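Please read the paragraphs below with the structure open beside them.

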Amino acid sequence: MVGTVAKGVTTEPELLLERSRAITVQGDHKSGRAVVRIVGKYFPARALGGRAEEALKAYLRRRVLPEVGEREFVVVYLHSLVDRGDNFPGLGAIRGAYESLPAAAKERLRAVYFVHPGLQARLFFATFGRFLFSSGLYEKLRYMSRLEYLWAHVEKTELEVPECARRHDDELERRPLMDYGIEAADGRCMFDAASMDTSASLHSLRCIS
C-alpha cells in the first residue's frame, strides 16, 4: 500500500513511469517558466494496470514538483499516436493525479498545451471537460494542432520532441482532413469514433465518479 512505503523509497509503479520517460521536466517556456513534457505514447498504462493513478500521484509529488520547484510551469502533452489500450491511464487517474497537487502548484500551472488533439478529443472535452476537471484546469487548456503552433509558446531548441510526434505531424501535413475526422489515423488515437458513442462517453464519466 502507498501509505506503508517509507519516505524516499521508490515503488515499482514509480520505476515503471520513470523508465518510460513519459513525464519529464525540460526546456523553458518563452516566459521563463518550467516545461513539463508528457508523451502520451510513452505512458505504460498496460503495464501499470490499476496502479496508474497511484504511480502518477507519487511521481508528480516526488519527482516532478521538486524539480519544478517554486517556478511557474506549463505542461506540454503530446497526444500523438496514443492507443487507448496501451497508453491511456484513464480519465479518473488523470483527474485524481491533478486533484492531488498542492493548491500552490495548481496556481503555478499556467497552461496545458494539448498537441495533436484531433477532432474527437476536442469535441469530447468541449462536451465533458467542465464535468471532468475543475474550471481552473479546463480554462488553461490550449489546443495545438501542429508543432509549429507550439513554438510560439515554447522554445523549439529546448524541448525534445519524440519521433512519434514528428511523424504524426508530418502525416497531418500530408493528410489535413484528419484534423476534421474525415480521415482516420489507423485507429490509434485515444479519442476515436468510439469515444463519440453515447455509451462510451457515459462509461468514461462513470469511471471517475
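Helix α3 bends by about 40 degrees at Leu60, where the bend at a residue is the angle between axes fitted to the seven residues ending there and the seven starting there. Helices here are DSSP runs of H or I with at least four residues, strands are runs of E with at least two, and both are numbered from the N terminus. This is a predicted model, in which local features need pLDDT of at least 70 and side-chain atom pairs count only at pLDDT 80 or more, while totals for chains, interfaces and linings use all residues. Residues are numbered from 1 along each chain as its sequence is written, and side-chain values use heavy atoms, with hydrogens and water left out.

Within α3, the buried residues are Ala52, Ala55, Leu56, Ala58, Tyr59, Leu60, Val64, Leu65 and Val68. Buried means under 20% relative accessible area, exposed means over 50%, and partly exposed lies in between, with a 1.4 Å probe and protein chains only. An α-helix has 3.6 residues a turn, so residues three or four places apart point the same way. Just after α3 comes Gly69, with a positive phi of about 70 degrees.

The chain as a whole can now be described. It has eleven helices and five strands, and 47% of its 209 residues count as buried. Its accessible surface comes to about 10700 Å², of which carbon and sulfur atoms hold 52%; such areas come from the Shrake-Rupley method with a 1.4 Å probe, and for residues only the protein chains shown count as cover. Of the contacts between residues at least 6 apart in sequence, 79% join residues at least 24 apart, a contact being heavy atoms within 4.5 Å.

In soluble globular proteins, nonpolar side chains tend to be buried together. A nonpolar core is a set of buried Ala, Val, Leu, Ile, Met, Phe, Trp, Tyr and Cys residues joined through side-chain atoms within 4.5 Å. The largest such core in this chain has 39 residues, and the members that touch the most others are Leu17, Ile23, Val36, Phe43 and Val64. At least two residues each come from β1 (23-28), β2 (34-39), α2 (45-48), α3 (52-68), β3 (73-78), α5 (91-99), β4 (109-115) and α7 (118-132). Helix α3 gives the most to this core, with eight residues. Leaving aside residues up to four places away in sequence, Phe43 touches Leu17, Ala22, Leu48, Ala52, Leu56, Asp86, Asn87 and Pro89. A second, separate core has 18 residues, among them Val76, Ala111, Tyr113 and Cys164.

Strand β3 is covered on both faces. In a regular strand the side chains alternate between the two faces of the sheet. In β3, Phe73, Val75 and Tyr77 lie on one side, Val74, Val76 and Leu78 lie on the other, and all of these are buried. Strands count as paired if DSSP finds at least two bridges between them. β3 pairs with β2 in the parallel sense over six bridges, and Val35 stands opposite Val74 in β3. Six bridges also join β3 to β4, which run parallel, and here Leu78 stands opposite Val115 in β4.

Phi of Leu81 is near 60 degrees, a positive value in a residue other than glycine, and at 8% relative accessibility Leu81 counts as buried. Arg21, in the loop between α1 (12-20) and β1, also has a positive phi near 60 degrees. Is Arg21 buried or partly exposed? Its relative accessible area is 40%, so Arg21 is partly exposed.

Helix α4 (residues 84-87) contains Asp86, which is partly exposed at 34% relative accessibility. Asp86 touches Phe43, Pro44, Ala45 and Arg46, not counting residues up to four places away in sequence. Asp86 and Arg46 are 40 residues apart in sequence, yet their C-alpha atoms are 5.0 Å apart in space. Their side chains are joined by a polar contact of 2.6 Å, which is a pair of N or O atoms within 3.5 Å; within protein, one must be able to donate a hydrogen and the other to accept it, and residues adjacent in sequence count only if both atoms are side-chain atoms.

Leu16, in helix α1, is partly exposed, with a relative accessible area of 24%. Leu16 touches Pro44, Ala47, Leu48 and Arg51, again not counting residues up to four places away in sequence.
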